[in-house]
Amino acid sequence: MASLASKIESLLFVAGKPMTAKKIADLLDAKETEVEAALKELQVQYRDSCSGMQLFSTGRQWQIGTAPESAKVV
């Protein structure tokens with residue numbers, strides 16, 4: 001079974017727009033605090049892995065996008 005972080009990552013990838021932790025929690029039938037913790041964990045993983053993708057927080061909303069370092073490529 002996929003981990004909570006994996007499920008969140010999949011949702012954000014296909015969403016195409018920012019989502020709140022509450023909305024993600026509702027969709028996954030999870031606690032909002034667990035979702036927030038997983039989002040922060042994912043954000044660190046993306047940053048530390050030098051991935052071409054990053055997890056951005058725009059206040060209360062979260063979105064997957066391309067890393068700023070990839071701007072010239074995309």
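Biologist: In the hairpin of β2 and β3, which residue takes a positive phi?

Modeller: Keep in mind that this is a predicted model. The residue is G59, with a positive phi near 80°, in a hairpin that has 2 residues between the strands. The two strands, β2 and β3, pair in the antiparallel sense over 6 bridges.

Biologist: What is the bridge partner of Q54 in β3?

Modeller: Q54 is found in strand β2, and its bridge partner in β3 is G65. The contacts of Q54 include Q63, I64, G65 and T66, and also Y46 and R47, leaving aside residues up to four places away in sequence.

Biologist: Is Q54 buried or exposed?

Modeller: The general idea for a strand comes before the case. In a regular strand the side chains alternate between the two faces of the sheet. As for Q54, its relative accessible area is 18%. The cut-off for buried is under 20%, so Q54 counts as buried.

Biologist: How does A30 compare with that cut-off, and where does A30 lie?

Modeller: A30 lies in the loop between α2 and α3. Its relative accessible area is 21%, which makes A30 partly exposed. Not counting residues up to four places away in sequence, A30 touches L4, A25 and V35. The C-alpha atoms of A30 and K72 are separated by 38 Å, the two residues being 42 apart along the chain.

Biologist: Next, helices. What span should helix α1 have, at 1.5 Å a residue?

Modeller: Helix α1 covers residues 4-15, and its 12 residues should span 16 Å; the end C-alpha atoms are 16 Å apart, which agrees. Just after α1, G16 takes a positive phi of about 75°.

Biologist: Which residues of α1 are buried, and why do they line one face?

Modeller: An α-helix has 3.6 residues a turn, so residues three or four places apart point the same way. In α1, the buried residues are A5, I8 and L12. Seen down the axis of α1, the buried residues fall within an arc of 60°, so they line one face of the helix. F13 and V14, on the other side of α1, are exposed.

Biologist: What do the buried residues of α1 pack against?

Modeller: They pack against β1 (19-20), α2 (21-28), α3 (32-48), β2 (53-58) and β3 (61-66). I8 is a case to look at: apart from residues up to four places away in sequence, I8 touches I24, L28, V35, A38, L39 and L42.

Biologist: Which residues touch the most other members of the largest nonpolar core?

Modeller: That core has 15 residues, and those touching the most other members are I8, L12, I24, V35, L39 and L55. At least two residues of this core come from each of α1, α2, α3 and β3. The largest share, 5 residues, is supplied by α3.

Biologist: Finally, the whole chain. What pattern does the chain follow, read along the sequence?

Modeller: The pattern is α-β-α-α-β-β, from 3 helices and 3 strands. The radius of gyration of the chain is 12 Å, close to the 11 Å that the globule rule gives for 74 residues, so the chain is as compact as a globular protein of that length. Along its principal axes, the C-alpha trace spans about 40 × 20 × 20 Å. Of the 74 residues, 26% count as buried.

Definitions and conventions:
Residues numbered from 1 in each chain as written. Predicted model: local features only at pLDDT ≥ 70, side-chain atom pairs only at ≥ 80, totals over all residues. Heavy atoms only, no water. Helix = DSSP H or I, 4+ residues; strand = E, 2+ residues; numbered from the N terminus. Expected span 1.5 Å × (residues − 1). Buried < 20%, exposed > 50% of the residue type's maximum accessible area, 1.4 Å probe, protein only. Arc of directions from axis to C-beta. Contact = heavy atoms within 4.5 Å. Pairing = 2+ DSSP bridges. Core = buried A, V, L, I, M, F, W, Y, C linked by side-chain atoms within 4.5 Å. Rg over C-alpha atoms; globule rule 2.2 N^0.38 Å.
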